[in-house]
Amino acid sequence: MNRNLVIGGVLSLLAIAAALVSFVWTPFEHTAMNIPAKLQTPNGAHWFGTDHFGRDIFSMIMVGARTSIAVAFVAVGIGMALGIPLGLWAAARKGSYVDELIMRANDLIFAFPSLVIAILITAIFGAGAINAIIAIGIFNIPVFARVVRGAAMPIWEREFILAARVAGKNAARISLEHILPNVMNLLIVQATIQFSLGILAEAALSYVGLGAQPPTPSWGRMLADAQTLVSIAPHMALIPGFAIIITVLGLNLMGDGLRDYLNPRLRVART
């Protein structure tokens, strides 16, 4: 197995496991405030310490993982559900007005930084996890559309596609039965990368107050709360910061590992 794939998988599973376990167990109630115990450093009772309200940071990290992963997962799902059909459609109609319209719309979205678009959407429609999902998901659509179109166009020139046409299959059927399975490995890798970017985007939106709203914990919100207390309670900023770094690093390593593992040329070389 690829080393990056193993290391990235382990790091990613840690975050996913924390999110799943938080549904049934956390050391403390993540919303329970205990003012006399505020700003404690990591100790036997509070493994990651407490924040300025006396809340257990370890419990908040677990629930925050659930928030970040859920937002990123749904946003990537939106991008794939809309971007993949658009990419297949554009590739099937290469050079037509449909292809030009789809690709120019993609260029329009790419002309603006993703975070700026997300901030604009959440500022217009209001802060919250749902609007953050929509904002991040909108930017994922052209990403998947462009990846699918770029990978599908060379496949349309292959002999087995010509055979499918001779057999009487239309463009939609060919796209679903022949094109999509041949680009699925690229989509898996791209989904992993976009998943890590979605976690970063959710943290950034929460940091500026446009993501998940209190009392729902979020890693970005935890960083925002800690920014004025770094000098007296550095653990409040370091712990959620490391949670973001480890999760994003794990997903990126897993994406690199999957890219190498699913590459047919490398697979033949390994064989």
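Guide: One term before we start: two residues are in contact, or touch, when they have heavy atoms within 4.5 Å of each other. What you see is a predicted model, where local features need pLDDT of at least 70 and side-chain atom pairs count only at pLDDT 80 or more, while totals for chains, interfaces and linings use all residues. Residues are numbered from 1 along each chain as its sequence is written, and side-chain values use heavy atoms, with hydrogens and water left out.

Visitor: So what is the mean pLDDT of the protein chain?
Guide: pLDDT is the predictor's confidence in each residue, on a scale from 0 to 100. In this protein chain, 97% of the residues reach 70 or more. The mean for the chain is 90.

Visitor: How many helices and strands does the protein chain have?
Guide: Both are DSSP runs numbered from the N terminus: helices are H or I over at least four residues, and strands are E over at least two. Read along the sequence, the pattern goes α-α-α-α-α-α-α-α-α-α. The count comes to ten helices and zero strands.

Visitor: What box do the C-alpha atoms fill?
Guide: The box is taken along the principal axes of the protein chain. Its sides come to roughly 75 × 50 × 30 Å.

Visitor: How much of the protein chain counts as buried?
Guide: Buried means under 20% relative accessible area, exposed means over 50%, and partly exposed is in between, using a 1.4 Å probe and protein chains only. The protein chain has 271 residues. Of those, the share that counts as buried is 45%.

Visitor: Which residues have the most contacts inside the largest nonpolar core?
Guide: A nonpolar core is a set of buried Ala, Val, Leu, Ile, Met, Phe, Trp, Tyr and Cys residues joined through side-chain atoms within 4.5 Å. The largest one here has 46 residues, and among the elements giving two or more residues to this core are α2 (57-92) and α7 (171-207). Those with the most contacts inside it are I61, W156, I179, L187, F195, I199 and W219.

Visitor: What is F195 in contact with?
Guide: F195 is one of the residues with the most contacts inside that core. Leaving aside its neighbours within four places in sequence, F195 is in contact with I69, A72, F73, V76 and L251.

Visitor: At what angle do the axes of α4 and α5 cross?
Guide: Axes are lines fitted to C-alpha atoms, for helices over the stretch in contact, and angles run from 0 to 180 degrees between N-to-C directions. Helix α4 covers residues 114-125 and helix α5 covers residues 129-155. Their axes come within 9 Å and cross at roughly 145 degrees.

Visitor: By class, which residues make the contact of α4 with α5?
Guide: From α4 come S114, I117, A118, I121, T122 and F125, and from α5 come N131, A132, A135, I138 and F139. Ala, Val, Leu, Ile, Met, Phe, Trp, Tyr, Cys and Pro count as nonpolar, Asp, Glu, Lys and Arg as charged, and the others, Gly among them, as polar. By class, that makes eight nonpolar, three polar and no charged residues.

Visitor: Is S206 buried or exposed?
Guide: S206 has its place in helix α7. Not counting residues up to four places away in sequence, S206 touches G211, A212, S218, G220 and R221. Because its relative accessible area is 0%, S206 is buried.

Visitor: And T41, buried or exposed?
Guide: T41 is found in the loop between α1 and α2. T41 touches H46, G49 and H235, not counting residues up to four places away in sequence. With a relative accessible area of 51%, T41 is therefore exposed.

Visitor: What is the relative accessibility of P142?
Guide: P142 lies in helix α5, where its contacts include N106, I109 and F110, leaving aside neighbours within four places in sequence. P142 counts as buried, at a relative accessibility of 1%.

Visitor: What does P217 touch?
Guide: P217 is found in the loop between α7 and α8. It is buried, with a relative accessible area of 4%. Not counting residues up to four places away in sequence, P217 touches H30, M60, V63, G64 and T67.

Visitor: Where is P215 found?
Guide: The peptide bond from P214 to P215 is cis, with omega near 10 degrees. P215 is found in the loop between α7 and α8.
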